[in-house]
Amino acid sequence: MKKQIKKALAILCTASFGICLITGCSSSLPKNDSAASETTAQDSNNPTAASTQNNNTNEPRPKISIMLPLFYSEAPAAGNELEQKIMDFTGVEVEFIFTPSSTYNEKVNLMITSNDVPNAIGILDPKASAYVNAAQAGMFWGLNDYMDKTEYLKNNYDEQTLKNASINGELYGLPRGRPLTRDGIIYRKDWAESLGLTIEQPVTVDKIYELIKAFATQDPDGNGVNDTYGVLVGVTETGSISGDMMEILDVAHGGGNGWVEENGQLIPVFMTEPHKKTLAFMKRLYDEGLMNTDFATVQSSQFYELLDKEKTGLYFQTLTDAHERLDTVVSQVQSRTPELQNMEAADAKMEIFDTIYQIQAENGELRACTQSGFNGVFAFSKTSNQTEEDLLF
């Protein structure tokens with residue numbers, strides 16, 4: 001039984017890490033304006049598709065299906081190298097069911113309502129009521145009893161992350177792990193240098209304001225036109241400010257990370273004085289024209305289009321953006337900057353962009369906005385995996 005458990009959960013974890021690379025963490029995937037469509041990554045007519053037999057035996061490979069969000073306009077090519085490595089490593093034929101991120105949650109809710117779910121399904125919001133209710137009603141397998149039975153899982157999940165991903169103490173999905181602290185500020189280092197600004201960490205909120213104001217008012221791109229934003233702000237699919245900007249500023253102003261404990265009670269941060277300071281800071285940026293006034297309508301795709309057009313020199317976001325995105329800007333800057341033209345793109349990027357990850361509060365404390373330690377979970381349907389043997393195989 002232990003061998004079976006180890007094999008099955010290693011398969012699921014390997015798929016989880018591989019899916020991150022396929023969907024959310026690669027800047028090399030194709031991006032174009034064609035409409036995204038739901039597709040699967042397996043194509044029996046593709047000669048490069050993975051073999052359906054195990055490498056070392058003549059037995060057919062077991063099959064699993066995994067549904068996950070697609071953050072690009074096209075799905076990865078069938079039989080791509082990453083898929084092949086996942087299947088070769090696990091000895092399992094995996095059907096990746098890609099669904100556009102813009103409609104993903106709707107599709108998940110529909111599947112839950114109809115109880116028609118693949119073997120594994122990516123849940124972007126494991127606190128959403130539809131998923132929570134379904135899990136507690138018994139639609140998905142509880143995993144608490146299996147997490148300590150393999151070294152692989154014990155070594156790759158910390159206790160806090162598992163606790164954060166649980167529902168009333170029960171884990172119903174394998175978390176897609178992320179660092180607890182990963183958000184900050186990405187800014188144009190070349191613009192700052194051209195304006196004679198030196199950024200040393202840690203920075204204060206006042207220093208952030210100074211940098212934003214300079215980018216908005218001092219012609220940092222040197223084109224003689226007042227056409228740049230100090231900070232670019234957008235919204236997520238749920239309407240919240242993108243890049244955890246508000247949360248970062250709340251913490252920088254001395255506030256809690258979503259919640260704060262006062263006199264033994266949990267108080268939402270929006271009811272605290274530090275959040276009022278964050279709102280005043282945002283209002284100041286808006287009133288002084290230092291941010292884009294149409295921020296409430298700027299969705300993710302438009303956000304990066306504006307970045308590519310070099311309309312801003314600073315934005316709040318996951319710091320991995322600094323190496324996963326921004327290639328278009330780097331290419332444009334290299335094409336007109338002789339001293340950068342002979343550099344590798346990665347080296348040129350470090351000359352053009354930099355990050356701010358340490359913010360000092362008024363009392364001198366270094367503070368950081370933390371997250372849950374995961375980005376969604378992979379849940380396993382009891383309909384598609386009817387028995388424990390089906391779950392573990």
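How many residues does helix H3 have, and how far does H3 reach from its first C-alpha to its last? It has 14 residues, 101–114, and reaches 20 Å, close to the 20 Å expected at 1.5 Å a residue. That expected span is 1.5 Å times one less than the number of residues.

Some ground rules. This is a predicted model, where local features need pLDDT of at least 70, side-chain atom pairs count only at pLDDT 80 or more, and totals for chains, interfaces and linings use all residues. Residues are numbered from 1 along each chain as its sequence is written, and side-chain values use heavy atoms, with hydrogens and water left out. Helices (H or I, at least four residues) and strands (E, at least two) are DSSP runs, numbered from the N terminus.

Back to H3. Tyr-104, Lys-107, Val-108, Met-111 and Ile-112 are buried. They sit on the same side of H3, because their arc around the axis is only 135°. The arc takes directions from the helix axis to the C-beta atoms. Buried means under 20% relative accessible area, exposed over 50%, partly exposed in between (1.4 Å probe, protein chains only). The face turned away carries exposed Ser-102, Glu-106, Leu-110 and Thr-113.

Now the backbone. Just after H3, Asn-115 has a positive phi of about 55°. Asp-219, in the loop between H8 (205–217) and H9 (245–252), has one of about 50°. Asp-219 is partly exposed, at 27%. Glu-310 has a positive phi near 60°, but is buried at 10%.

Last, a cis peptide bond joins Gln-201 and Pro-202, with omega about 0°. Most peptide bonds are trans.
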